Structures are given as structure tokens and as C-alpha cells.
Amino acid sequence: ALIGAPLPLCSCSVIPAAAALRSSGASKGAAASFAVATPEIDVPAFSLTWALLGPVMAVSRVIGAAVSAVTAGLLVDAVSDDSRQLPIAEEAERSCCSHGHAADTSAEQPAVHPSILERLARALRYGFVDLPIDLAGWLVIGLLLSAAVGAFLPASLLEGGIGDGPLAIIAAMSLGLVVYVCATGSTPLVAVLVAKGLGPGPALAFLLAGPATNPATMAWVLKDLGRAALVAYVASIAVVAFLSGLGLQWLAGSGGWTPSAEP
């Protein structure tokens with residue numbers, strides 16, 4: 001969960017990374033925890049949440065994502081049989097050593113390690129070129145959706161208690177489970193809904209449930225982790241999203257705090 005949280009990968013692009021962890025020897029629970037934490041929150045999404053919805057929502061989103069990821073990992077391990085064949089790396093090592101060619105291969109083809117300057121150049125290119133290109137498309141989609149909602153959704157639609165309460169949290173959480181949104185692109189959309197009257201609890205529930213689930217992720221969980229793991233995976237995301245939204249709604253009601261989004 002700690003490794004996956006800052007990585008800017010959506011719930012589709014996280015699948016190869018989680019599958020690689022699994023094939024390298026990670027348990028089902030560890031792979032599931034990584035697959036939940038990575039798309040639910042990352043550094044760009046945290047920064048955008050802080051700017052559009054305030055520090056309380058941003059910190060609550062990080063805490064909810066961490067709890068959701070750890071809970072998913074623990075439940076998946078609890079309901080799954082983690083017996084599996086030898087991890088790929090260890091299997092390859094045994095196969096190489098059993099033929100007696102490991103030393104010869106390493107002697108003939110020494111490993112080439114990039115220099116510090118080369119690694120720094122790669123890091124700078126990723127941070128300032130590749131990453132903005134990857135995020136730009138989803139952010140534009142989120143901004144367009146938020147602009148459409150802001151223009152056509154009546155300001156009074158979510159007022160009068162409709163956008164608050166347990167039923168609103170369940171509705172937002174359920175919507176997040178069935179639609180695909182990335183962590184960054186969903187943030188401006190939720191900011192507009194909050195400005196229109198959506199409560200902080202339903203907003204947080206949607207931000208936690210939406211990015212972590214989509215059909216591709218569910219198919220990977222079913223294939224690599226199993227049917228019981230899939231049930232635990234979805235249930236943990238749903239329950240933590242609901243409880244996080246309920247807790248934030250109580251905090252807003254008892255402390256008089258409201259998100260800082262403006263219409």
C-alpha cells in the first residue's frame with residue numbers, strides 16, 4: 001500500500017504492475033493491496049484535491065485509500081488459498097543453475113548499469129514529460145465533465161439534504177463501483193458536485209470507490225487471485241468507502257466544517 005499510493009497509475013495501468021508483483025512472489029493480499037492503493041490516490045490527485053476541496057478532504061482521501069488498500073489485502077489473504085507455483089524469478093534461477101550456465105552467462109555478458117546521470121535524466125523525463133502526457137487526457141476529461149455538470153446541473157438539485165446522509169453515501173459509493181474514473185480526473189467533477197450541494201461524505205465515498213474498480217481490474221482479480229478474492233476485494237472497497245464517507249460526514253456535522261469548493 002505504501003509503495004503503490006504515490007504512483008500515478010490508473011486502475012487499468014496498475015494491472016501489469018500488480019501482476020508483475022504477483023508473479024515475482026508477492027502474496028495475493030499484497031498484490032491486491034497494491035492494486036487498490038495505486039489508483040485511489042497519488043501525488044497529483046492529492047495536490048488537486050487539496051487545491052479544489054481543501055486539506056481536510058485531501059488528508060481524508062489519503063487515509064481512506066490507505067485503510068481501503070490494507071483492508072483489501074488482509075481480506076484477500078484471509079479468504080484465499082495462496083498456494084502457487086514457484087515465482088518466475090526463482091524458477092528461472094533454478095533452471096539456469098541446473099544447466100550449469102549461470103556463471104558462464106554472467107561472465108560472457110556482464111550486466112550494464114546506467115550511470116547516475118542517465119538515471120537522473122530518465123527520472124526528469126518521466127516527471128516532466130511522460131507523466132504530464134499520461135495525466136493530461138484524464139484531467140481534460142474530468143474538466144470537461146465538471147464544466148458540463150456545472151453548466152447544466154441546477155444549483156438547488158442537491159440541496160435540502162438530498163446530497164447528505166447515509167443514503168447519499170451509499171448512492172455515491174455504488175456509482176463509484178460501477179463507473180470508471182481516475183483519481184485525478186474525478187477530482188474536479190466531485191468539486192463541482194460539492195459546490196452544487198453534494199455533502200463531503202458522499203464526495204469522499206465516490207473518490208475512494210471510483211478509481212479502484214473497473215471491469216479490467218475485476219477481470220484480473222478474478223483470473224489471478226480467484227473468485228473469493230474478487231468478492232473480498234470489492235467488499236472491502238465498498239465498506240471502507242461507506243465508513244469513510246460516514247465518518248467525514250459526522251466530522252463535518254459536529255465540527256461545522258465544509259469543503260472549500262466554490263460554485
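Biologist: How many helices and strands does the protein have?

Modeller: The protein has 12 helices and zero strands; helices are DSSP runs of H or I with at least four residues, strands are runs of E with at least two, and numbering starts at the N terminus. This is a predicted model, where local features need pLDDT of at least 70, side-chain atom pairs count only at pLDDT 80 or more, and totals for chains, interfaces and linings use all residues. Residues are numbered from 1 along each chain as its sequence is written, and side-chain values use heavy atoms, with hydrogens and water left out.

Biologist: What share of the residues is buried?

Modeller: Buried means under 20% relative accessible area, with a 1.4 Å probe and protein chains only. Of the 263 residues here, 40% are buried.

Biologist: Where do I find the residues that touch the most other members of the largest nonpolar core?

Modeller: In soluble globular proteins, nonpolar side chains tend to be buried together. A nonpolar core is a set of buried Ala, Val, Leu, Ile, Met, Phe, Trp, Tyr and Cys residues joined through side-chain atoms within 4.5 Å. The largest one has 46 residues, and Leu53, Met57, Val190, Trp220 and Tyr233 touch the most other members. Helix H12 (residues 227-255) gives the most to this core, with eight residues.

Biologist: Is Thr187 buried or exposed?

Modeller: Thr187, in helix H9 (residues 186-195), counts as buried because its relative accessibility is 0%. Its side chain makes a polar contact of 2.9 Å with that of Arg61; such a contact is a pair of N or O atoms within 3.5 Å, one able to donate a hydrogen and the other to accept it, and residues adjacent in sequence count only if both atoms are side-chain atoms.

Definitions and conventions. Buried < 20%, exposed > 50% of the residue type's maximum accessible area, 1.4 Å probe, protein only.
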